[in-house]
Amino acid sequence: MRRTIPLALTFIVGLYPILAFFVPDVRIAHANDWLDEALVIVAAFALPLGTVNVIMTNTSKLKKKARGWQYSIVLLAGLAIMAIYGLIGGTGVDPKFQWMFVNMVSPLQSTMFALLSFYVASAAYRAFRARNVEATILLIAAIIVMMGRIPFGDMITGGRMTPLSEWIMSIPNAAAQRGIIIGAALGAASMSIRIILGIETTYLGSGKD
Amino acid sequence: MNAKKLLNVDRRVIYLLVAIGALIPIIRPIGLPTVPTEPVWKLFNKIEELGPDDAVIISFDYGPSSEPELNPMAQAILRHCFARRVKVLVMALFPLGGVNMAIDQLDGIADEFEGLEYGVDYVNLGYKDGAQAAMKRMDISIQALFPTDVNGDPVDDMPVMTGARNYDDISVVISLATGIIGEYWVNLVNAQFGVPVAVGCTAVSAPKYYAYLRAGQMMSMLGGLKGGSEYEKLLVDKYDFARELYEEPDVKARSAMAGMDVQSIVHMIIIFFIIFGNAMYFLMKKQEKEEKER
Amino acid sequence: MKRPLLFILAAVFLFLASQVLSPAVFAQEITGLRVFDTPGDGGESVTLEWEGGAPGAILIMRSASKGGPFEEVGTAFGIDGSYQDYVEAGIAYYYQISYQLGAEGYLTAQVGPAIAKSNWFRTYRVNALILAALMFGLVLYYINAAKRGKELYIRRIAGISAIDEAVGRATEMGKKIMYIPGIMSISDIQTIASLSILSHVARQTAIYGADIEVPNKDPLTFTAARETVKQAYMEAGRPDQFKEEMVTYITYDQFAYAAAVTGKMVRERPATNFLIGYFFAESLILAETGQSTGAIQIAGTAAPTQLPFFVTTCDYTLMGEELYAASAYLSREPNLLGSIKAQDVTKALIIITVSVGIVEYFFGSSVIKDFLVAR
């Protein structure tokens, strides 16, 4: 029973969007929309679970004065302040919330994103080695595309680098992307069929009863 | 020269050189030229064909992390639309900050243009959850999906919505996207409803979007900071107001064209390291071979 | 001999001329106006079609009663066109078209009634139905074949084979294993695939007595991951070793999550990192930081944009469908192996269809291409 009900629910809920994809009847579309909304509501209920876990983990760290407990104070204070001003704003946007978002959250996120430039440099230095023919082709293509994305490329080659770079992106790259997308989509479809039919049950915690 | 030691150079040396390479053009701009490419031209020409009787949707589907890359193109596209007095419907389908990005950009850019009125020439419809479901509903009615704007005011009375009831009235959808939402616009809105879709995306997503561009499912793509700089260049070449605006220090510093200086230097540093790494790799191989022979 | 040749040439010339000088080129009065319920929809619209017209705007006029009054509901462009009008289902509508030919205005006779009705099948998606039925049928066939004892071969997937070695390494070093199940919710299929691998990894850590940590970005994934790990420990016969702190929720924010996890990697220096699921821009931050700490890294994703980052920074990478095949590969259950086989056969059929379609297109036909268009 513990596994039968989830599997039955999975079967019904999994088949329904497939039915809605082919059957345009308004009643079926409405039910499908209801399922989409239900997912959002379930996710919203799961959010407090996660938030409670964060609060419990960090208050426990504070109590035990575990390593890094000072950061737990910052985390809990940030959580409380943003939540309070976010709730005050209602469905609109509170000016103080917007200020904190623009002047604190946004720069912090941009900073983390900016780390990528450093990591790309170190990863490229380590990974782009002409060990064999394929690696050499990859290396040359990477240099052409990088040069094509900056004005220097065209300045050095008299305007030839950008069209060459665009060709690499539009033809070989697009072909490879399509192959991966089709393969991944088939894999996802196969996995979905297994889940809907109740063959794949590892997500329930176990493959065995 | 010990090639093996040089090959295993501390990554902090690489980070330091990248940091210096990024800082120098910010302190002392170079002003490298930009050459617009065909995918960017397509969107520019499309908006050039539009006027006060046309409406476009600009969807802010990105958050703060993609702000440095996508804000410049957002600003350039908004300026272009406002210059041509095209009706602009702004919305956000990205949950983490999309609406904040929209608010941040829209009001500031609209203030640069005299005679533009909120609710008449443009509107910020705010955020709607469930990206794909929201996109499907707009085929029937945009107002049904967004009965109020971001401030909670009913959109029924707004003149801007009169000529923008559903996708039939929309000339082009421009999604400024990070992640998967750009693909949703292309796969759903263009494929099922035939609306032209243009996507402005981060550079890391651009390779994926080329497949859609080649298939004709996307009419245009602005890839990363370079795409933004190309659009700014087209704007500056065509409109005097843009030429003057992008000369102002504050605007120039935040523009994609200025960002391209940084990108150019950092790309050159990475290319240098790749070539250097390979040179050391082959030198190390040679040294190992010589040692074996000894 | 000359006369028949002249007749043939004349016939060809007349045929070509008829194409060039067809009504489509010149403006002419609209004829054949008809309106009908749009096929294959949910009763949202009716469709008008006509022949003739002018290059300029054509005004579509609608009335809910025969004889009017008519109101303008939209415009169409082009000669020999069509227009889809979104209306209320069940109500009879009448239509007229108003247009200009030169300086003269024209109004067609009214047509109707047309009633928008809900249909039971989207006829334009019959191609998707055929493909879906084909794949479904193949899955059932091969599962049946596997159950009957037929040997189904799956090639070695290096990343999955390395899981046990990676867990063993962490046990020997006395360090923990960090498992990152991607940043998307449980509704994403990659997350489900990741949890199936987590189940196996958690069972291995329970058996070896190694330490595992699973930091989560999504609250739904967090609850599912906790249950998965708990169940794995129970199955391994070590329920007492399971601790709730093994599976934690960090934050919903993408880069705050990346900052927290990379901080853990640098401070705690896990021996093994698993990065399996759907990732976005934080993938390189996580993988490069893990690489810098000297951990063995096994990654897996079906996101094409993140694969290059994982390939350059991780020791093993499960690419695209390899991620989805993991549960079948690990369990070797006939049911699961059968579905992988069916997936491979479907891919082979797609390759053949695309190849034939390309050849056909070169010969000027587009039957396969038109059939495969997705709507």
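This short talk walks through the chains, domains and some local features of a predicted model.

Some ground rules. Residues are numbered from 1 along each chain as its sequence is written, and chains are lettered from A and ligands numbered from 1 in the order in which they are written. Because this is a predicted model, local features need pLDDT of at least 70 and side-chain atom pairs count only at pLDDT 80 or more, while totals for chains, interfaces and linings use all residues.

Let's start with the chain contacts. Chain C has 60 residues in contact with 49 residues of chain A. Contact here means that the C-beta atoms of two residues, placed from the backbone, lie within 7 Å. What is the class make-up of the side of chain C that touches chain A? That side has 30 nonpolar, 22 polar and 8 charged residues. On classes: Ala, Val, Leu, Ile, Met, Phe, Trp, Tyr, Cys and Pro count as nonpolar, Asp, Glu, Lys and Arg as charged, and the others, Gly among them, as polar.

Now chains B and C. Here 13 residues of chain B are in contact with 13 residues of chain C. On chain B, the elements giving two or more residues to that side are helix H8 (181-193) and helix H9 (206-215). Helices (H or I, at least four residues) and strands (E, at least two) are DSSP runs, numbered from the N terminus. The chain B side divides into 5 nonpolar, 5 polar and 3 charged residues.

Back to A and C, for one helix pair. Two packed helices are described by the angle between their axes and the distance between the axes. Helix H7 (residues 161-196) of chain A packs with helix H9 (residues 321-331) of chain C at about 30°, the axes being 7 Å apart. So H7(A) is roughly parallel to H9(C). Axes are lines fitted to C-alpha atoms, for helices over the stretch in contact, and angles run from 0 to 180 degrees between N-to-C directions. Angles under 35 degrees count as roughly parallel, over 145 as roughly antiparallel, 65 to 115 as roughly perpendicular and the rest as oblique. Which residues meet? From H7(A) they include A:Gly183, A:Ala184 and A:Leu186; from H9(C), they include C:Leu323 and C:Tyr324. The contact divides into 7 nonpolar, 3 polar and 1 charged.

Next, domains, with bounds from an automatic or database domain assignment. Chain A gets domain 1 (1-66) and domain 2 (130-209). Their C-alpha centres lie 31 Å apart. Across that pair, 7 residues of domain 1 are in contact with 5 residues of domain 2. The domain 1 side has 4 nonpolar, 2 polar and 1 charged residues.

Chain C is divided into domain 1 (25-115), domain 2 (123-151 + 335-372) and domain 3 (158-332). The centres of domain 2 and domain 3 of chain C, taken over C-alpha atoms, are separated by 33 Å. There, 5 residues of domain 2 are in contact with 6 residues of domain 3. The domain 2 side has 3 nonpolar, 2 polar and no charged residues.

Staying in chain C, take the helix pair H4 (residues 189-208) and H5 (residues 219-235). Their axes come within 8 Å and cross at roughly 35°. Is the crossing left-handed or right-handed? H4(C) passes H5(C) in a right-handed crossing. A crossing is left-handed if the near helix is turned anticlockwise from the far one by less than a right angle, and right-handed if clockwise. Among the contact residues are C:Leu195 and C:Leu198 of H4(C), and C:Ala225 and C:Val229 of H5(C). The contact divides into 9 nonpolar, 4 polar and 2 charged.

One sheet in chain C. Its 3 strands form an open, antiparallel sheet in the order E1-E2-E5. Pairing requires at least two DSSP bridges between two strands. Strand E1 (28-37) and strand E5 (82-86) stand at the edges with a single partner strand each, so one side of each has no neighbour in the sheet. Neighbouring strands are turned by 20° against each other on average, direction ignored. E1(C) is joined to strand E2 (residues 45-53) by 6 bridges. One bridge partner: C:Thr31 has C:Glu51 in E2(C).

Last, the backbone. Where are the cis peptide bonds? One runs from C:Gly68 to C:Pro69, with omega near 0°. C:Pro69 is in the loop between strand E3 (57-63) and strand E4 (71-77) of chain C. Another joins C:Gly112 and C:Pro113, with omega about 0°. C:Pro113 lies in strand E8 (residues 111-115) of chain C. Finally, A:Lys65 has phi near 50°, a positive value in a residue other than glycine. A:Lys65 is found in the loop between helix H2 (26-64) and helix H3 (69-88) of chain A.
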